[in-house]
Amino acid sequence: MISYVLRRLIQFVPTIFGVTLIVFFLLNVLPGNAAMMAGGKNRIPPAAQKLMIKKWGLDQPVYARYFKYIKGLCTADLGTSFISGERVTDVLAPRLWPTFKLAVIALAIACVTGIPLGFYSALRQGTAMDTVTMIGAVSGVSMPQFWLGLLLMYFFSVYLKILPTVGYGNGDPKFIILPAITLGVGYMALLARTTRAAVVETLSQDYIRTARSKGISDLLINRRHVLRNTLTIILTSAGLQFGSLLGGTVVVETLFSWPGLGTMMVNSIYYRDTPITQGCVMIIIVGFLVINLLVDLSYALIDPRIKYQ
Amino acid sequence: MKKKYPHDVVSSSGNIGSAAENPMLSVEDLKVYFPVETGFLSRRREYVYAVDGVSFDLKKGETLGIVGESGCGKTTTGMAVLNLEQPTSGRVVFKGQDITDFRKLSTETQLQLRKEMQVIFQDPYSSLNPRTSLDKILEEPMKVHGLYPSPGERRDRVAYLLERVGLTPSQGKRYPHSFSGGQRQRIGIARSLALNPSMIVGDEPVSALDVSIQAQIINLLIDLQSEFDLSYVLIAHDLAVVEHISDRIAVMYLGRIVETAPYDRLFVNPLHPYTQALMSAIPVPDPKARKNRIVLTGDVPSPRHPPSGCAFHPRCPERLAECSESAPGLLHKGQAHHVACHLVR
Amino acid sequence: MKIWKIGLSLVLTLGLLGADHSFAVRKGGTFNWIAPYGSKIDTLDPNNSGDEQNGLVTMNIFRCLYRWNAAENKPQLELADAVDISPDGLVYTYSLKRNVKFHNGRQLTADDIIYTYNRIANPDNALSGTQNLVFIRGAMDVFEHKAKEVAGLKKIDDHKLEITLTSAIDPAFFLYSFPMSIVPKEEVERMDRPFSSNPVGCGPFKFVKWVKGSEVVLERFEDYYESGKPYLDKLVFKIMSSSAARDLSYRAKELDANLLYATQYAAYKKDPELSKNLVEVAEMFTRFVAFNPEWELADGRKPFSDVRVRQAFNYAINTDLIVKKYAKNKAYPAISFLAPTTPGYDPNGKRYEYNPEKAKALMKAAGYEKGFDLEIIGTGDSSYGTGVIEVAIPFLKKINISASALTLEGAAKYKRQGDRNFEAMICSFGSGPDGISALMLFHSTKAKKLPNVARYKNGEYDRTLDLAAETRDPEQRIAYVKKANEILQADAPIWFYNYNKAVIAHHPWVHGIQKVGIEHMFQDFTEVWVEATSPRANAK
Amino acid sequence: MQPAKTVLNIDSLFTEFNTIDGTARAVNDVTFDVKRGEILGIVGESGSGKSVTALSIMRLIRPPGSIRRGRIEFFGRDLMGLSGDEMKDVRGNRISMIFQEPMTSLHPLFTIGLQISEMYIKHMGLSKKEAWEHAIEMLEKVQIPSPEKRVKDYPHQMSGGMRQRVMIAMALSCNPELLIADEPTTALDVTIQAQVIDLMWQLEKEYSTAIMMITHDLGVIAEIAQRVIVMYAGEIVEEAEVNQLFEQPKHPYTRALLEAIPKLGRRTRMGRKPLQEIKGIVPGLYNLPAGCNFYPRCPEARPDCRLSDISLIDLGIRGRVRCPYYQGAKA
Amino acid sequence: MDNWVKKIRKRTNLVAGTIVFLIIVFVAVFAPYLAPTHPWDDADLMISELPPSGEYLFGTDSKGRDILSRVIYGSRISLSVGVISQLINSVIGIVFGLTAGYFGRLWDDIVVAVANIMLSIPSLIFALAVMALLGPGLINVFIALGLTNWAYTCRITRSQVLGTKNQNYVKAAKAMGFGRCRVMFLHILPNIFGPILVMASLGMADAILMEASLSFLGLGTQPPVPSWGGMLAGAREQLFTAPWLSIFPGLAIFITVLGLNLLGDGLRDLLDPHMSETK
C-alpha cells in the first residue's frame, strides 16, 4: 500500500513536468506580455517596458526560461510574481485554503444530493420521477454558473435577506453556502447521471438477484448491495470530473469575491503574470492528481479485489 | 523456471495416416509465460506458467484432441501454435518451417502461414464481428490474401462455403446477431475454410452449444475434415466429444501434457491418475451407470505458483513421496501411448 | 512669483458638507465600498502599479505631494503647506507639513520624498510611476543608468525640499496621482514582510488586512494630520467585478455605495428610491474609434488617410441616439477629444451631427462610394468595447462600410495596438485633467505614453500643442489647447463617441461622496461619513 | 424415506416477457409438483423455460417479465397471493435458490461470512455474532477447509468450486423445505462438478430437503435426479421417473436428445458413427410454430402434428408426455 | 430491419432526442427563412431593449435587434461549434485511444500520460489559452474546443479497445493475416463506436456550453454574429434589468443540451444497454 502510494507519487513527477511544459509554452506564445499590462489604464512607456522585460527575464529564449523555471521547481521555488514582486508561493499560499474549502463543500453538496437523486431515479426507471430528475440534471449542467449564482444571490440575499451576497467573511460558514451551491450544482447533475447509470447496471447483476433470492429487504439490498458496488463507478467519475469542478471555481470565485485560486489564475493570464499562472496550474494539477490518487486508494476500502502491492 | 521435461518425448507417434511423412506441425518444448509485475522499486516479475514445456506433433489429416480443465493451458497452447500468443521459448515448426519468431518472418511468409492455419473459437457470439455482414466476413480474408480476385468468383466461393456449412447463400446479407448460436458456429467454420487452410485449431468449438446443436457441428467438422483434407488441433474439456472426433488425445494439467495416446488406447487403458479421475468424473447419461467415482479433492492450483514436482501431486489419490520432488518425464508406453507419472515405469 | 498657499481648507470642507446636508458629521462606522475594475488587486505598493483598481485603495493609505481637489477639479498641494517657485519656473521649494506621520509612527521628512522619487526613477525597480518624473532634472539619467540619484531633488532641511525641473511646467499634474505616493523607506526595505501586501503610508487610513481576491480592509489612522478626520472607523473595499452582483449586494444593503454601469443606471433612474442618491460626474475619459491611416485595402488605397472618409464615418453614425439608447445616457456625446471637465473643452464646439446624406456625399467624393470592409478591434468592455461597434454597424452599412467587430482579450489588443496591426480600434483614453498631456496622445512625435494610436500627423496641430506647452500664461495656454482640440475635431482622425458619465449610487445614510472627474472611483474618504441609520454605523 | 408429501405444486403457470420484439411465452402452461425429500430434475436446452420456471416460483421475475397466471402452491399456500414482505420471509428461508454462475452470483465486495450471516439475521433474527458463528458452521458442512479462516474471505479469493459451495451453504443455512438449483455445476470443471454433485447428494440425505435440479446436462440428471421433467420451448414435453426416462424415452425430443450426446467410450467400443443430429434450430419464443413446438425438428413428425396444440398426456405412474404418437413412435 | 424500426419507436429518449436535434438542425439550416428579421443588419436602436411582445416574441436587445432572430441564427454557430469541435475531439481521441489500446507498451504509456495531463489541465483554462493564442474567431473556437476535450474520448476508446481486442473476432482477424490498420479501423472501431458516439453527443453539449464560457470572456464568436453563449454573455449584467435577454438564449442552450443528452442516452441504450456511463 505505502509502496503503491510512493509509486503513484513518483508518477506525478512526469505528469507535472508535462503540464508545466505545455502550460509554459502556451503562455509564452500568448500575444502581449506583463510589461504591456503592468500600468493598467496608465500605460507604461515603451522604454520602461523594455526595462521590465529585462528584469523579468522575458527577453531570454523560452527554453532557457523553462529550464530556469524547472530548476527553481526542483527546489520548490515557483518564482516571483511580475506584478507584485512577491514570491509565488507566498501569493498562492493564502488562496489555497479558500479554494480547497469551496471545492470540498461543493463536492459534498453535490455528493449528498446528486448520489441519492441518481439512485432514486434509477430505482424508478422510466417513471415521471426519473424524467424529472433527468431534466433537472440537464438543467444543472446547462445552467450557466453566473446565472445560478445571481439568482441564488437575489433569492437568499435580497429577497429573503438570510445570507450574505458575496465575500469570504473571515471564514464565516454563512458566506460559503451560495458559492458552494453554485459550484456544486453542475457537478451534482453529473453525479446524479453517473449514479443512475451505475445503479441501473448494478441492478442487473447476478448477485443482486442472489440477494433477492435470500429474501433480504429491498432497502437493505439497495443500501448495502447496490450502493457499495456503485460507489466505485461514481468515485471514478467524480475523480475525473474534479478537474472541471476546479475549473468552475474561476467563474464562481469571481462572482462571489471568493479569495481563491480560480480568480487569481484568470487574472494572471490576463495580466500575463506567468509565474502566478504556472503556480496556479501547478496547484490545481497536484490537487487533481491527489484527488484521483485518493479515489484509487479508496477503491481498496470499497473493493477487496483491489490490492496495492 | 527450471522445470523441464526431458527432451525425448513424443518422437514417434500416430497411428492413422502415413507415418513416414514429416509431421505437418511440430511443437517442441513450448513455453508460454505471462509476466505479472509486482512490487515497487524492485520491479519483481512473477510469471503465470500458462504453458510449461509442451511437445507434440500433428500429421497431415490427423486430429489431435487436447483435453484438460480450465487453466490447464490448452487454449494458450492453441493460440501459441497459431502465433496469436508469443511463445516464451520452445519451437513451433509448421510444414518444416520454424515459425516460432513469427514477427521476424517476411510479410509474405506471414501471410502465407496465416492462410494455412485457421481457428474456430468457442464462443460463437464473440467470434464474429457484429458489424460485418456474413458475406463480408467471408469475402474479406479472400480479398486480403488475393484469393479469388474477381468479385464473381468470390461470390461463388462464398455461396459455396455457406452451403457447405449448412446455410443458404441468401442469408449472406444478414448480420451475425440475427443467427442462433449454432448457425454462428457454422459461420465461424465457413470463415475458417475461406482461405483453404491445411490446419485448423478448434478452441472448444462445440462446448457453448446446446446439446441438439452440438451434434450437428461435430458431424459437420468430421465431414469437412475429409472433404478439405484438414488437420485439426481440437481443444476441449469434454472427453466424450474429444473421443468422438480425435485420432489422438493429449491430456493437459497445469501447463503440461500428462498423457497422450490414440483415442482408443486412452479410453481402454488410461494410465495417469489424472486421466482416470477425469474420465470417472464425467456424468454418464445413464442412471444405472451410477458408480463409485474417483472424486478428486481440492482445486486446480494456480499456474502462477505451480506445485513442485508433479503438478498433480497435491490432488493425486495415489501420490508417492517422490512426486512432490521431481517432475516425471513423458514415458513411451507403446502404441504411441505416453504418460508422465512416477507410478508408471 | 506666485505663491500657492493652500492649507487644507476648512472652509472648503464645510462648504462641501453644507452642500448636501444640514446636520453635523458623525464619527464612526464601517463603510463597504467596492473595487469594481477586474477581479483583482495586484499590489498595494502604490509606486508599482498604475492600475486604478490598486489606486483607489492605496490613495486612502498614502498621500502624495499633491492631491486632486475634486471640488475645484484641479490638483492642489497636500504634503506641503507652501511652495516657492523660482521666477524661471524651474525650481520649486516646498515647505513640508510638520505633523505628517506614517502609520508606523515616524514623522515624514524631505528624505522620504526624495527616497520615493529615487525609488520610482530607478529602472531596476521597474515601477510604473517613472513616466511622471521625466520633467525633474536628472530623472532621465537615473532612468538610463547614468546616475544613481535624481539630481533635481534636494533636501534643504527635514521639512524643506527643492525640486529642479527641466522645463517650466506645473509639476502638480504629475505628482498628484497615486503612483507618486510617498513611501517610508524602512517599511519598503523590510525583509520580514513584503511591502506590496503590507503597505504603510501617511494617509488617513491604516492598512488592516487584504484578503486577496476578496477584500481590503482599512481602519482610521488616529494620527492623521488633518485633525478630526477621517470620520469612518473602517473602510472596506469589496473586490467585485460583476456589476450585477454589485447591484444585488447594494440592494441587499451590504454595500454603502456602488458604481453603476449603464444597465443599472437606467434601472436606478427609474426607481423612486434608488434614484435619489446618485452622484454623477463627467469623467475625463473619452471613448473613440481610432482609424489607422496606414491601413491599405487590397487595391492599395488607404481609406483612412483621406479626411473625407474619416469625416463621413463621423457623420454617418447617430452618436446621440447611441448614447441615449445603448449607453442609456450614462455618457455625454463627444465634441472632439477633451472631456467637459478638462480645461480647454469647448461646449460650443462644432459637432459632427448625424447626417447620412453628407456622409454618403463625402464617401463619394473620396471615391469610396462602394464602401469597403472594415474590422474594428476592441475589448469586451461594456462601455467602450466591441458592443458599441455592433450598434454602429447598421449606420455604417448605410454608407456601404461593412463593419465587423473583433473582440480581443486585453493584452492581445494592446499588442496589436502597439504593433499598429489594426484597421480601426475602439478604446477609451484619459482626456484630462491636463488638456496638453491629453492631446499629446495625437502628437505625431511627442505622444508620450504609447505611440499616437491614430498615427495622426498634422503639422499645425503639433505646433499648436507645442506652443501650448511652452506658454506660461494660463489663458493663452487654454486658448492653444482649445485650438488644437478644434483642429483635431476638423481632421477627425478618430470617431468621437462619448465622454463617460460616471455614476455612484449611495444609500441615504452616506454623506460626502464627491464628484471626481479624473476617475469617479478615486473617492477621498476623509470626507465621507455615515449616519446612525447605517446598518454598519457601529460596526468595528 | 418419509411418505411422499407435496412440497410444491405448480398449476398452469404462464410467464411472459413483453419486450419491444413482442411477447415471449417463456413458460407456457407448466404444471408439476415437487415432493418432500425428492430430487426433481428439470432438463432442457437454452430457452426451454426451465430457469424462468424457477424464478417464477421465487417470484423473482423482473420487468419486462411477469407471471400471467397460474398457481404456485407451497405446502398448500398459494405464493402468488402473498404480499411482498410475506414473500421475502419465504425466500431464502423456506425456498432457496442456487444460481449457475458462482463467479457473479456472490457480491464481490462483501465477505462470504457476511453474505451467509445475512440469512440468519433476516430469517432467524440472530445477532451478528451468532449469525457469524452459524456461517462458520455452515461452511464446515459444505466441506470448506478451515472455515473459520475462509469465512472472512471475499469471493474473488475463492475458486469456482468453493464459491458454489458457499452458495450451497447460503441456500441451506435456514434449512429450507425446497432448494432450487439452477445449473449449479454448469460453470464448473468436471472434477469440481463431481465434488459438488457429491456434496448435494450428501446434504440431501442429511436434510431431506426437496431439490429442484435444473440443468441441460443429461449426465448430471442421470446421476442425481429421481424424477425428471423435460422442457422444450416453454412447455413440459415429458415427465418420468429417471430410469424410465433414460430407458424408455417417450417423447421424440427426449429420444433425439439422448441420441445426440456423444457418450464416453462409445467410439472405442463401437467405432465412429455419426451422431444423431436434431435438425434445425430451437424455435424463438416470439414466434412459436403452430401445433407441436417440436414439430419442425421432429424426426417422427406427422402432418397433423402442426394442426392443433398438443396437450400433455398423463400416463399415471409412467409420467406424462406431450406427444399423441408416443407409443407409435416407440414402435 | 422492421425490428429496428420497432425498436427505435419504443425508445422515447432516442426519439425525443432525435426530434429535438433535428428541429435545431432544421432551424439552423433554414434560419434565413425562419427569422423574422436579419439578426444584426436590421438593428434599430429606436426599439432597443423592448420586453417580449406580440411584435417581438422574444423582445429586443440593447442594440435594437430582434432576439428571436438572433436565437434562430445563433443555432448555426452553437450547433456547428458542437458538431465540429466534437468531430475534431473524436478523431484525435479515437486515433490515440485506438492505437494506444491496440499497440500497448510504450506508446500506450505515452498516450495515457499525455491524456492524463490533458485531463488534469482544467479544460476552460486550456481552451482559454489556446483561444488567446489563436485569437478569436469561429474557426479558432472549433480548434480550441476540439483540442481540449479529446482526452475523455481517448480514455473511453482505449478502455473499449482493451475490452475488444481480446474478443475472438479480433483474434480471428489477426489469424487471417489482416494488417494492423485493417484490424483497428475496420474490425475494432465499428464495434466500439457506440460509446464514442454517446460521448460525442454529450460532448457536443459540453462544447456548446464551453463556447458560451469563451464568449463570456470575450473569446468566443465575433460580434455581430450571434451565438447563444455570446448572447448570454452579453446579457450577463442585465439578468434582472432585462431578463428576456438571457432567458431565451439560455432556454435554447438548455433545450439543445437536453436533446443531445436524450440522444446520447438513447444511443447508448440502443447500442449497448450495459455500457457504464463514465462521463
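Reply: Start with strand β11 of chain C, residues 257-260, in this predicted model. Both of its faces are covered. A257(C) and L259(C) are buried on one side, and N258(C) and L260(C) are buried on the other.

Now its partner. Strand β17 of chain C, residues 494-506, runs antiparallel to β11(C), and four bridges join the two. One pairing can be named: L259(C) has I504(C) as its bridge partner in β17(C).

β17(C) also carries a charged contact. K501(C) lies in this strand, and E280(C) lies in strand β12 of chain C, residues 278-291. The two residues form a salt bridge, with the closest N and O atoms 3.6 Å apart. The pair therefore ties together parts that are 221 residues apart in sequence. E280(C) counts as buried because its relative accessibility is 19%, under the 20% limit. K501(C), at 8% relative accessibility, is buried too.

D419(C) and K415(C) form a salt bridge, their closest N and O atoms 2.9 Å apart. Both sit in helix α13, residues 410-419 of chain C. They are four residues apart, about one turn of the helix. D419(C) is partly exposed, with a relative accessible area of 47%. K415(C) is partly exposed at 30%. Elsewhere in chain C, salt bridges that share partners link R63(C), R67(C), E78(C), E226(C), K229(C), D524(C) and E527(C) in one network.

Over all chains, the structure holds 79 salt bridges. One in chain B joins D229(B) to K60(B), at 2.5 Å from N to O. This pair links distant parts of the chain, 169 residues apart. D229(B) is in the loop between α6 (211-228) and β8 (231-236) of chain B. K60(B) is in the loop between β2 (44-58) and β3 (63-67) of chain B. D229(B) is partly exposed, at 41% relative accessible area. K60(B) is partly exposed at 38%.

Next, the interface of chain B and chain D. Here 44 residues of chain B contact 50 residues of chain D. The two chains bury about 4000 Å² between them, with 56% of that on carbon and sulfur atoms. One salt bridge is found across this interface. Its side chains belong to R267(D) and D247(B), 4.0 Å from N to O.

Chain D also has an open sheet. Its four strands follow the order β2-β1-β4-β5, with antiparallel pairing. β2 (22-35) and β5 (77-78) of chain D stand at the edges. Each has a single partner strand, so one side of each lacks a neighbour in the sheet. Inside the order, eight bridges join β1 (6-19) to β4 (65-74) of chain D. N9(D) stands opposite E73(D) in β4(D).

The surface shows another kind of grouping. V29(A), L133(E), L134(E), I139(E), I143(E) and L147(E) make a nonpolar patch of about 450 Å². Helices α6 (123-134) and α7 (138-148) of chain E each give two or more residues to the patch. α7(E) gives the most, with three residues. L147(E) is found in α7(E) and is partly exposed, at 32% relative accessible area.

Last, chain A. It has twelve helices and zero strands. Its C-alpha atoms fill a box of roughly 80 × 55 × 30 Å along the principal axes. Of its 309 residues, 59% are buried. Chain A exposes about 11800 Å², and carbon and sulfur atoms supply 69% of that.

How values were computed: Residues are numbered from 1 along each chain as its sequence is written. Chains are lettered from A and ligands numbered from 1 in the order in which they are written. This is a predicted model: local features need pLDDT of at least 70, side-chain atom pairs count only at pLDDT 80 or more; totals for chains, interfaces and linings use all residues. Side-chain values use heavy atoms; hydrogens and water are left out. Buried means under 20% relative accessible area, exposed over 50%, partly exposed in between (1.4 Å probe, protein chains only). Two strands pair if DSSP finds at least two bridges between them. Patches are made of residues with over 30% relative accessible area and no salt bridge: like charges are joined within 9 Å, nonpolar side chains (Val, Leu, Ile, Met, Phe, Trp, Tyr) within 5 Å. Accessible areas come from the Shrake-Rupley method with a 1.4 Å probe; for residues, only the protein chains shown count as cover. Contact means heavy atoms within 4.5 Å. Buried area is the accessible area (1.4 Å probe) that two parts lose on being put together, summed over both.
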